[in-house]
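Open the model in your viewer and follow the stops below. Each one tells you what to select next and what is there.

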Amino acid sequence: MPHPAHAHRSPAHRSRPHRLPRHPDLPPPGGPSRELVLLRTAYRRQRRVATLTALGYFTLFLLLSAFAPAVMNRSASGGLSTGMLIGLCQLPVSCVALLLYEYTARRRVDPLAHRLRRRGRRPAGGGR
């Protein structure tokens, strides 16, 4: 026996799954637009470059510490060991990665996102 709260609905309505309205920022059902694909690609490249810059340097530091301790213990300059010098350079390298991330965001990702956002706000029928 059907639940009393759903008794007023027709059998066809009960068999259909409930669908929420589409968000206006989502691409049309036919697939993502070319600009959206470009935005995703630019953002993915931006993340990879910045992440690999910071993590790559740190991984190099760890690998040298584990597999080349003689190199890391060697005196570099002013009483600092090579390992300490490489470790101290981690902060500037991380800052460069952040600056690179911001630069590529402003230069490549943000303009694409703004263009897509503007296009999404236009009224249907090409009002602008």
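**The whole chain**

Start at the N terminus: the elements run α-α-α-β-β-α-α. That gives 5 helices and 2 strands. Helices (H or I, at least four residues) and strands (E, at least two) are DSSP runs, numbered from the N terminus. This is a predicted model, where local features need pLDDT of at least 70, side-chain atom pairs count only at pLDDT 80 or more, and totals for chains, interfaces and linings use all residues. Residues are numbered from 1 along each chain as its sequence is written, and side-chain values use heavy atoms, with hydrogens and water left out.

Of the 128 residues, 19% count as buried (under 20% relative accessible area, 1.4 Å probe, protein chains only).

**Helix H5**

Select residues 90–121. This is H5, with 32 residues. From first C-alpha to last it reaches 43 Å, close to the 46 Å expected at 1.5 Å a residue (the expected span is 1.5 Å times one less than the number of residues).

Now centre on Ala-105. H5 has a kink of about 45 degrees there (the angle between axes fitted to the seven residues ending at a residue and the seven starting there).

Which helices do the buried residues of H5 pack against? Show helix H2 (34–67) and helix H4 (82–88).

**The core**

Select Leu-36, Leu-39, Ala-42, Val-109, Leu-112, Ala-113 and Leu-116. These 7 residues make up the largest nonpolar core (buried Ala, Val, Leu, Ile, Met, Phe, Trp, Tyr and Cys residues joined through side-chain atoms within 4.5 Å). H5 gives the most to this core, with 4 residues.

Finish on Ala-42. Ala-42 touches Val-109 and Leu-112, not counting residues up to four places away in sequence (contact means heavy atoms within 4.5 Å).

Terms used
Buried < 20%, exposed > 50% of the residue type's maximum accessible area, 1.4 Å probe, protein only.
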